[in-house]
Amino acid sequence: MDSGPATSRAIEVRHHWREFCVAVAVWVAATSVICVLIWILADIAIRGLAEVNFGFLIEDVQDAGRVGGIGPIILSTGLILLVCLVVAVPLSFGTAIALTERLDKESWFARNVRRSLDVLAGVPSIVFGLFGNAFFAIALGLGYSILSGGLTLACMVLPILIRTSEQAIRAVPAEYRYAAAALGMKRTTILFRVVLPVAMPALAAGVVLSIGRALAETAALIFTSGYVARTPESLLDSGRSLSVHIYDLAMNVPGGGSKAYATACVLVVLLLAINAATALLLRLAGLHNRSTTGGSL
Amino acid sequence: MKSIIATSSLFLLCLTLVGCTSSPSTQSGSSELSGQLTLTGSSTVAPLATEIAKRFEQQHPKVRIDVQTGGSGKGIADVRLGVADIGMASRPLAADEADLTAHRIAADGVGLIVHDSNPIKELSQEQIIAIYTDKINNWKEVGGEDKEITVVHKAEGRATLEVFLKHFGIENPSVKGDVIVGENEHAVKTVAGTEGAIGYVSIGTAEADIESGVRIRLLPLDAVKANTENVASGAFPMSRPLNLVTANSPSPLASTFIQFCQSADVHDLVKSQYFVPITSESAVAK
Amino acid sequence: MRSDQSLTIITRALAVISAAIVLLIVLFLLRESTPALRQLGWSRFFTDASWHPLSGQFNLTPMIVATLVTSSGAIVIAAPLGIGSAVFVNFYAPRRLAAWHRRLIELLAGIPSVVFGLWGLVVLAPIIATFGGSGQNLLTATIVLGLMVLPTVALLSDTAIAALPREWIQGAAALGMGRSAIVGWIVLPGARRGIGGGIILALTRALGETMAVLMLAGNIVEMPSSLLSPGRTLNANIALELGYASAGHRSVLFVSGLMLMLVVSVIVLFVSRREGTRRDG
């Protein structure tokens with residue numbers, strides 16, 4: 001009879017021990033991830049932050065990037081993003097509306113469109129680069145240009161943008177539509193007057209998220225928008241994006257290291273701002289829980 | 001909508017700011033030149049060509065010169081296809097490229113680099129070949145420390161690679177590398193981060209990096225020190241011309257630009273990119 | 001009702017365009033790689049001695065292996081850490097710390113791959129080099145790749161766990177189960193699908209990564225003998241050589257793009273079919 005409490009105590013000890021081990025493992029996993037992240041950020045900041053100032057942001061690239069700033073690079077990046085969004089936003093909002101028009105059951109059409117978008121989402125960025133180079137730059141004759149780069153990125157962000165837009169539209173409570181329909185409104189009117197305005201912050205969050213993805217891209221741009229590091233005069237000029245500039249300075253220009261890190265600082269700060277903007281927009285949309293899903297896609 | 005307006009006004013702001021900083025171009029006599037030139041090719045020549053083009057544009061405000069990189073082979077192919085007006089090649093033209101004309105604008109050496117803690121003084125031709133073809137794998141076999149040799153090699157299509165292989169008479173498939181890199185700085189960073197590494201890069205690049213404290217050292221070749229002076233005098237054995245390549249009848253604008261590239265007006269730019277300017281008339285003719 | 005009809009037509013047309021892009025990509029990859037495939041056939045890409053496109057050797061197998069090794073290795077690193085992070089923010093961290101942790105993971109998701117590559121090359125590779133060699137090998141590439149895809153696993157697992165019914169956890173706690181038992185027996189099995197989806201998504205992202213791997217993997221085309229041997233992935237191969245390739249070589253590189261596309265599509269279609277059956281069932 002003595003063994004009873006003894007065993008149960010042994011089990012209890014074992015329980016405590018297991019609780020302790022799992023807790024330690026989880027804390028270690030979480031802490032190590034954060035430590036590595038801080039390590040990377042600190043490394044970039046220490047090597048680059050000293051070079052960043054207002055002049056750096058607006059000055060011309062000089063001496064292959066060793067001297068001067070990144071004014072033209074920021075402008076090119078902005079123009080590439082602009083082209084990308086002008087094409088991708090209408091296309092993906094339209095597609096998202098088409099995919100959400102029947103709320104009950106998936107149609108054959110929607111299922112296949114979605115499947116093809118799933119594949120598109122998995123296409124490696126270098127393949128987008130190959131495609132952009134062969135299709136936009138050569139077959140359509142756009143050459144190495146901001147237009148080629150922007151269009152290639154538009155193809156790349158399309159699946160993310162469609163998925164976030166779809167979520168945004170679906171998140172609008174069905175009662176709104178029923179109420180509007182009961183008032184005798186046409187579907188088009190319901191869409192533009194009721195559904196889209198309510199979904200707007202979440203739609204905008206998807207756009208901001210896509211900008212983040214496009215900003216970070218290098219591989220797809222090297223072979224489409226090219227390397228030219230000066231102020232573009234038209235969309236048919238070649239323009240170098242921030243991430244391509246970092247790569248070129250680090251790998252091609254002796255003594256370009258500190259400017260490469262400085263450019264990396266600028267890019268990371270931009271991405272930070274974009275993350276913050278996404279979170280804010282999603283909070284406005286009342287979709288806070290979904291922000292995590294969005295952030296990863 | 002608001003966000004779109006905000007973004008576009010931001011762009012406008014950027015535009016104006018950038019516009020303000022670009023200095024008013026210096027006017028000069030021959031402003032009748034106008035048009036656009038596209039240069040493609042060697043990533044070694046591209047930074048130099050970019051700087052020269054910038055100066056040329058300042059003198060001739062109606063001219064626009066676009067410089068794209070992509071390697072010597074691409075430069076030559078693009079000129080043949082007519083995609084580019086001028087190709088850039090960091091090697092002499094091969095026998096099957098006689099349909100094109102090379103215009104030499106500078107010279108550059110290719111030097112072997114090791115980590116600066118490596119005590120090795122010099123390697124003979126045979127030793128280098130043996131190292132690159134995997135017959136020698138340890139520094140102690142060539143008189144160094146007991147340390148494994150990490151061979152840094154370049155990816156196919158790079159002119160540096162072709163100059164290196166040609167100089168030592170090696171076929172590329174017989175080379176056994178430990179790391180293959182694309183760009184010069186990747187090679188430098190790899191060697192600087194690995195005590196037992198050996199690699200080959202443009203001497204200009206290596207000198208620039210050594211100056212800024214990167215931990216690499218240039219090895220002499222055939223008892224000639226690897227530096228820009230010896231490349232300039234022609235004493236260094238493994239060197240190469242930096243060429244602009246055109247079809248046999250380039251446009252007047254292209255000719256003017258090439259003459260400008262070969263003139264003494266750009267020597268400071270050539271030196272600032274750590275290359276060797278051409279001085280003698282014979283070199284120009286080459 | 002005419003406007004309704006035109007809305008349907010317009011949006012469907014846009015959807016068709018979006019869906020057609022993938023076909024266009026495949027079409028162009030095929031078109032550009034046809035010269036090489038016609039001249040060389042499929043088999044030479046698997047049986048040649050090595051990869052020396054300028055000397056007529058075109059074996060892609062070592063690169064396919066390297067691509068799969070680095071990507072699956074990245075998952076081996078990212079999955080436990082990512083799931084651990086998700087469990088941490090939901091069950092172990094104090095609320096404020098959890099919010100910060102989520103924010104930092106989202107930031108990690110946004111860091112561009114060149115920045116990861118630069119850090120790996122300058123900081124991590126010299127550390128790995130103490131095991132011998134240059135430190136540019138499959139291991140270094142795998143570690144950095146793992147860090148890059150970790151947020152995908154972490155954030156999707158987080159969402160899946162947060163979506164579990166609160167009653168399950170409260171019920172289990174009421175039965176006297178410990179925290180680790182709840183996580184192990186209730187939470188992880190319950191969120192299995194979501195976590196699995198996150199892992200698959202992370203896998204496709206790892207397969208698609210180019211620049212960081214190019215800077216870190218050593219790029220030697222050889223069948224890897226261990227994690228410490230260098231290797232070249234299909235992505236890195238394209239990025240390394242495309243800019244320098246003339247006609248025939250270029251076509252061969254498109255074949256390597258096609259191969260990559262095949263690998264990724266097979267995985268994605270397999271998963272989306274599985275999800276499709278789940279949705280129906």
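## Chain A: fold and contacts

In chain A, contacts with a separation of 6 or more are 73% between residues 24 or more positions apart. This is a predicted model. Chain A holds twelve helices and two strands. From the N terminus on, their order is α-α-β-β-α-α-α-α-α-α-α-α-α-α.

The C-alpha trace of chain A spans about 90 × 65 × 35 Å along its principal axes. Its radius of gyration is 25 Å. For a compact globule of 297 residues, the value would be near 19 Å. Of the 297 residues in chain A, 57% are buried.

## Chain C: fold and extent

Chain C also has twelve helices and two strands. Read along the sequence, its pattern is α-α-β-β-α-α-α-α-α-α-α-α-α-α. Along the principal axes, the C-alpha trace of chain C spans about 70 × 70 × 30 Å.

Buried residues account for 53% of the 281 residues in chain C. Take the contacts in chain C between residues at least 6 apart in sequence: 73% of them join residues at least 24 apart.

## The contact between chains A and C

Chain A brings 70 residues to its contact with chain C, and chain C brings 74 residues. On the chain A side, helix H1 (residues 3-48) of chain A gives the largest share, 17 residues. By class, the side of chain A that touches chain C has 45 nonpolar, 17 polar and eight charged residues.

## The contact between chains A and B

Here chain A contributes 24 residues and chain B contributes 25 residues. Two helices of chain A, helix H3 (71-100) and helix H10 (242-252), each supply at least two residues of the side that touches chain B. H3(A) gives the most, with six residues. The side of chain A that touches chain B divides into 14 nonpolar, seven polar and three charged residues.

## Two domains in chain B

Chain B is split into domain 1 (33-107 + 240-277) and domain 2 (108-233). Domain 1 is written as two segments, and domain 2 as one. The C-alpha centres of domain 1 of chain B and domain 2 of chain B are 28 Å apart.

Between them, 17 residues of domain 1 of chain B are in contact with 16 residues of domain 2 of chain B. On the domain 1 side, the elements that give two or more residues are helix H3 (72-81), strand S4 (100-115) and strand S9 (239-247) of chain B. That side of domain 1 of chain B has seven nonpolar, eight polar and two charged residues.

Gly243(C) lies in the loop between helix H11 (234-241) and helix H12 (247-280) of chain C. Is Gly243(C) buried or exposed? Gly243(C) is buried, because 22 other C-beta atoms lie within 10 Å, and 20 or more is the cut-off for buried.

Which residues does Gly243(C) contact, leaving aside its neighbours within four places in sequence? The partner in chain A is Phe223(A). The partners in chain B are Gly70(B), Gly71(B) and Lys74(B).

Conventions
Residues are numbered from 1 along each chain as its sequence is written. Chains are lettered from A and ligands numbered from 1 in the order in which they are written. This is a predicted model: local features need pLDDT of at least 70, side-chain atom pairs count only at pLDDT 80 or more; totals for chains, interfaces and linings use all residues. Two residues are in contact if their C-beta atoms, placed from the backbone, lie within 7 Å. Helices (H or I, at least four residues) and strands (E, at least two) are DSSP runs, numbered from the N terminus. Ala, Val, Leu, Ile, Met, Phe, Trp, Tyr, Cys and Pro count as nonpolar, Asp, Glu, Lys and Arg as charged, and the others, Gly among them, as polar. Domain bounds come from an automatic or database domain assignment. The radius of gyration is taken over C-alpha atoms; the globule rule is 2.2 Å times the number of residues to the power 0.38. A residue is buried if 20 or more other C-beta atoms lie within 10 Å of its own, exposed if 12 or fewer, and partly exposed in between; C-beta atoms are placed from the backbone.
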